[in-house]
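Biologist: Hi! Could you walk me through this model while I have it open?

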Amino acid sequence: MSHTIAAVSTGNQVSAIGILRLTGDDCIAVSDQVFTLNNKKTLFDIPDRRLCLGTLQDKQGRTIDQCMAVVSRGPHSYTGEDTVEFHCHGSPAVLAAGLEALYLAGAKPAKRGEFTKRAFLNGKLDLTQAEAVIDLIEADTADAAANAAGQVGGALQKKLAPIYDDLVNLCSHFHAVLDYPDEDIADFGLENYSGTLRGNAKALYLLLQTYGQGRILRQGVAAAIVGRPNVGKSSLLNALAGYERVIVTDIPGTTRDTVEETVLVGSTRLRLLDTAGIRDTTDTVEAMGVQRAKEAIENADLVIFVCDGSQALTSGDHAIIDLCLEHENAIALINKSDLGEEIQPSDLPFMTVISVCARTGGGLDQLADAVDAMFESSTPCDGSILTNARQFDACRRAYEAMLRSLQGLQLGLTPDAVLTDVEEAMEAMGEVTGATVREDITSRIFERFCVGK
């Protein structure tokens, strides 16, 4: 028996449609107490997944809304249990009144992510699919949405399941021979499984190599904007953000800390870090900002060097350029193109140099093209790449355990010693899909979800 839960699954903002969602053994009975179909039938009578018009009422029988109801009976539903949804007009007041009526009829408030957690516990989704649900909700680029949708559809699970199954088969064969010596079971020989282990280790290695792209796809590109004071770094961030996110003045050293803003540049999501102007200073606070700017360069996926194109390059510019050139991905912007051209693109030792005017927005379309080209996806965003740090860590541990098992084979260790590492790999793989993950970890995962999902 699972108790019936209810929640608003479309948020608390005014919208055209708002959805009340219920799931649990008694959800149809609970819903039938507050909803009257126009055809005078009950919710027990309507077919699965067919929208039916009726009246949603409160405990006193007063009309809350004229809306649609849809029933999906388990196990053929999102959660695997009976579910009911009311598609109402999207007034927060209407949804709140409808939810109160459902509570009075016997439903309990849903916890964060409880609908998807029930889908996981009932075997409708594995953990990679469940985690992809929140990624799909939070996706803010087409590629991120496509990849999350692929993972919800099971693309990653389909890659991992054969590896996990092979490990299970290997361990179960060994234990079957060990526990039932008198049965007619084929002899166990590790040499028969070495090819399987090697192939699965290679498959995991290739999957691990996708995490760099997947992390950027999910989190965006960390881009540090660096340069001397007053070259237009904050103006650039404001121009890309579309509003005055950072204070801009003619006074050097206005920005004293890193300021972060997430923007869409072309089709690439950038987590822009506006840093303090890098220079020698005796001001303690500004010096701390300069140090953070240098750390931002080290940790960034992309460094955007900005100089004032109306002035000749200084020794300070050259010092910052040296820092930027140590980075794999760097772009140079010659700013203030409207004030003169003292600096030519050939003066800067960068592969990509663009003249821009942060004040007017000139040249920013070329920056968008350059960023898109630099971070263009090399792998189809079909859900088959690792985007999740937890999943990456578990796959890494599984891969390392499989390497140890292969080394044990080469050294001629006994089967039980080799299988210790195989079982460790299997345990780690199970954490990815949820087959062996601890309850406290799953609870933490679903706490990321909103109520109603």
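**Sheet, helices and salt bridges**

Modeller: Happy to. Let's begin with a strand pair: β1, residues 5-8, and β7 run parallel and are joined by two bridges. Keep in mind that this is a predicted model.

Biologist: Which residue stands opposite Pro-109 in β7?

Modeller: That is Ala-6.

Biologist: And what is the strand order of the open sheet?

Modeller: The order is β3-β4-β5-β6-β2-β1-β7, seven strands with mixed pairing. β3 (35-37) and β7 (108-109) are the edge strands, each pairing on one side only.

Biologist: Which strands does helix α2 touch?

Modeller: Helix α2, residues 92-104, packs on the sheet and touches β1, β2, β4, β5, β6 and β7. Its direction makes about 15° with that of β2.

Biologist: Changing topic: how many salt bridges does a search of the whole structure find?

Modeller: The search finds 21. One of them joins Arg-73 to Asp-48, with the closest N and O atoms 2.4 Å apart. Arg-73 sits in the loop between β5 and β6, and Asp-48 in the loop between β3 and β4, so the two are 25 residues apart.

Biologist: Is Arg-118 buried or exposed?

Modeller: Buried, because its relative accessible area is 7%, and the cut-off for buried is under 20%. Arg-118 is in helix α3, residues 114-121. Leaving out residues up to four places away in sequence, Arg-118 touches Ser-2, His-3, Ile-5, Thr-23, Gly-24, Thr-79 and Glu-81.

Biologist: Which side chain does Arg-118 meet in a salt bridge?

Modeller: Glu-114, at 3.4 Å from N to O. Both lie in α3, four residues apart, which is about one turn of the helix. Glu-114 is buried too, with a relative accessible area of 12%.

Biologist: What about Arg-215 and Asp-301, how do their side chains meet?

Modeller: In a salt bridge, 2.9 Å from N to O. Arg-215 lies in helix α8 and Asp-301 in the loop between α10 and β11, so the pair ties together parts that are 86 residues apart in sequence. Asp-301 counts as buried at 12% relative accessibility, while Arg-215 is partly exposed at 23%.

Biologist: Which residues are linked in a network of salt bridges?

Modeller: Asp-393, Arg-396, Arg-397, Glu-400 and Glu-431.

Biologist: Last one: what do the buried residues of α12 pack against?

Modeller: They pack against α9, β9, β10, β11, β12 and β13. The buried residues of α12 include Leu-364, Leu-367 and Asp-372. For the chain, buried residues make up 48% of the 453 residues.

Terms used: Residues are numbered from 1 along each chain as its sequence is written. This is a predicted model: local features need pLDDT of at least 70, side-chain atom pairs count only at pLDDT 80 or more; totals for chains, interfaces and linings use all residues. Side-chain values use heavy atoms; hydrogens and water are left out. Two strands pair if DSSP finds at least two bridges between them. Contact means heavy atoms within 4.5 Å. Axes are lines fitted to C-alpha atoms, for helices over the stretch in contact, and angles run from 0 to 180 degrees between N-to-C directions. Buried means under 20% relative accessible area, exposed over 50%, partly exposed in between (1.4 Å probe, protein chains only). A salt bridge is a side-chain nitrogen of Lys or Arg within 4 Å of a carboxyl oxygen of Asp or Glu.
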